[in-house]
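This report describes how selected elements of a two-chain structure are arranged. The structure is shown below, and the description follows it.

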Amino acid sequence: MALVANDVHHIFSGGEPDEARALDGVSIRMEEGEFIILAGRSGSGKSTLLRCLSGMLKPSKGGVSIDAMDAVKARKLVGLAVQSPERALFEKTLYDDIAFGPVNRGYGEDEVRRAVMDTIEIVGLDETLLKGSPRALSQGQKRLAALAGIIALGPKYLFLDEPMSGLDAGGRRRIMETLIRLNKGGTTIVAATHSVAHFMGISSRLIVLDSGKVRFDGRPEGLLALEDPSGLALPPSLVWAIKLRKRGIEVEWDAGPEKMAELLWRAHESFV
Amino acid sequence: MIELEDVFYSYGDRPALRGISLNVREGEYIALVGLNASGKSTLAMMMDALLLPDNGNCTIDGINTRDDPLFARRSVAMVFQNPEDQAVARKVWDDVAFGPRNLGLPADAVERRVKNALIAVGLERHAAKSSSALSGGQKQLVALAGALAMEPSYIVLDEPTSMLDGTGAKAVRDAIVSLKLSGVGIIWITHDMEEAMAADRIVVLREGEVLASGPPDELFCDKGLMASAGIEAPYTWRLSKKLQELEANFHGARGE
């Protein structure tokens with residue numbers, strides 16, 4: 001089974017003076033179990049594409065199918081974590097917040113409990129937090145709690161919009177561990193980000209959007225060959241690796257600063 | 001100068017700031033770093049008088065925020081992490097003009113300020129657009145323009161680039177550098193040490209206290225401190241240290 005976007009176009013405020021073409025003919029096929037980074041500068045169409053892929057927004061033209069169903073009808077297979085999803089935590093206790101979706105889907109009491117307990121294990125939140133208010137959690141925990149509410153419904157495809165923004169290194173690591181765990185369990189993950197740095201090394205596929213079109217689709221290391229990767233907030237090691245490559249020196253994208261300095265120094269010596 | 005003197009603040013029975021003392025001069029660029037929940041955002045809201053100390057004092061150019069919170073809000077502009085929290089009007093121009101109009105400025109002064117602010121963030125072509133047609137990153141630049149249009153003495157930025165791409169983040173950083181040069185005091189809250197490296201001084205918070213304060217180079221060299229603060233010296237700094245070492249060895253070998 002797979003997710004297929006076929007020639008997807010989307011225009012906001014069509015015919016108005018502030019008409020904005022967000023997507024301009026995107027065709028992608030995502031296989032079950034992939035972990036995909038959707039990158040691109042601000043305004044490149046990432047968030048709009050996520051909404052179309054997850055069936056939350058019907059494209060102006062073209063179509064999206066999930067497991068051979070129209071995306072809008074396949075919403076039960078999909079979870080979408082919008083930017084800063086913790087802003088939607090609203091219940092009195094963390095338990096009720098995570099249980100909200102399962103309860104609304106009509107799960108029985110035992111099923112709800114199981115869904116909540118399984119989910120907090122996946123996201124790595126301590127059971128003792130369940131009785132407390134979600135508002136008392138740290139920023140990183142709130143992000144995990146909001147994700148838990150989405151994961152509790154067991155989506156086959158999970159879409160995330162900037163899941164790392166505003167988190168410190170520890171918070172980012174916990175989100176990353178959660179996503180890796182979910183992906184290993186078979187969930188297809190698509191994470192939109194302008195900061196490729198956080199995902200390099202764990203994702204097998206990178207799709208770069210530019211002005212609503214797919215500009216790159218391949219293994220993340222393929223970024224090394226991009227002519228102008230500006231606007232992608234790349235890790236510094238990759239930025240230097242690209243510069244060295246332009247001088248004919250090959251180095252892996254994640255080389256440490258000491259090794260990178262040695263290579264830069266040698267390149268400099270051979271130059272002077 | 002912004003002066004915090006032994007400031008305490010708690011949310012109910014949860015302490016957020018525990019005796020913070022800190023000064024920020026006009027024209028100084030400070031990076032405020034620390035783990036989530038170390039008190040960074042609470043401290044930012046103190047400076048803008050959105051919160052008042054439970055104990056201790058916060059003064060802006062000699063005026064206590066308790067005595068005149070409006071003075072603090074006029075002097076200290078805030079830019080938050082999420083631009084969605086900051087939009088007040090439908091059109092970009094009106095959004096940026098909101099602050100200056102509230103100050104009761106004449107129309108030509110409002111126009112000049114809005115124009116300059118939009119140019120500073122590179123959004124002058126988008127003035128007539130509806131904010132909803134902008135990307136998240138562009139919305140953040142509108143929020144920054146709104147803060148600039150207030151012509152503040154100090155500006156507090158709470159992770160303003162975390163939702164921006166490389167180009168947008170650079171536009172914000174460039175705008176901040178020129179603000180600093182024009183004498184505005186900058187307090188930049190960040191998790192990104194590459195970003196913090198550009199500051200005159202880094203202030204490290206931990207559990208509501210100032211753990212350390214000093215020039216970036218000094219702090220990054222202190223491995224014990226970095227470990228206890230839970231932060232890592234940035235890649236670019238480590239790279240430049242290694243290059244300096246290689247250069248010194250090279251000159252040493254040549255007997256210079």
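In this predicted model, helix 3 of chain A passes helix 4 of chain A in a right-handed crossing. Helix 3 of chain A spans residues 109-123, and the two helices pack at an angle of about 135°, with their axes 9 Å apart. Because of that angle, helix 3 of chain A is oblique to helix 4 of chain A. From helix 3 of chain A, the residues A:Thr119, A:Ile120, A:Ile122 and A:Val123 meet A:Leu144, A:Leu147, A:Ala148 and A:Ile151 of helix 4 of chain A. By class, the residues of this contact are 7 nonpolar, 1 polar and no charged.

The contact between the chains takes 33 residues from chain A and 31 residues from chain B. The helices of chain A tabulated here each supply at least two residues of the side that touches chain B.

| Helix of chain A | Residues |
|---|---|
| Helix 4 | 139-151 |
| Helix 5 | 169-184 |
| Helix 6 | 236-246 |
| Helix 7 | 257-271 |

Helix 7 of chain A provides the largest share of that side, 6 residues. The side of chain A that touches chain B comprises 12 nonpolar, 16 polar and 5 charged residues.

In chain B, 4 strands form an open antiparallel sheet in the order 2-1-4-5. Its edge strands are strand 2 (14-24) and strand 5 (63-64) of chain B. Strand 1 (residues 2-11) of chain B pairs with strand 2 of chain B over 8 bridges in the antiparallel sense, and B:Phe8 stands opposite B:Arg18 in strand 2 of chain B. Helix 1 (residues 40-47) of chain B packs on the sheet, where helix 1 touches strand 1, strand 2 and strand 4 (55-60) of chain B. The direction of helix 1 of chain B makes about 125° with that of strand 1 of chain B.

Definitions and conventions: Residues numbered from 1 in each chain as written. Chains lettered and ligands numbered in written order. Predicted model: local features only at pLDDT ≥ 70, side-chain atom pairs only at ≥ 80, totals over all residues. Contact = placed C-beta atoms within 7 Å. Nonpolar A, V, L, I, M, F, W, Y, C, P; charged D, E, K, R; others polar. Pairing = 2+ DSSP bridges. Axes fitted to C-alpha atoms, helices over the stretch in contact; angles between N-to-C directions. Parallel < 35°, antiparallel > 145°, perpendicular 65-115°, else oblique. Left-handed = near helix turned anticlockwise from the far one by under 90°.
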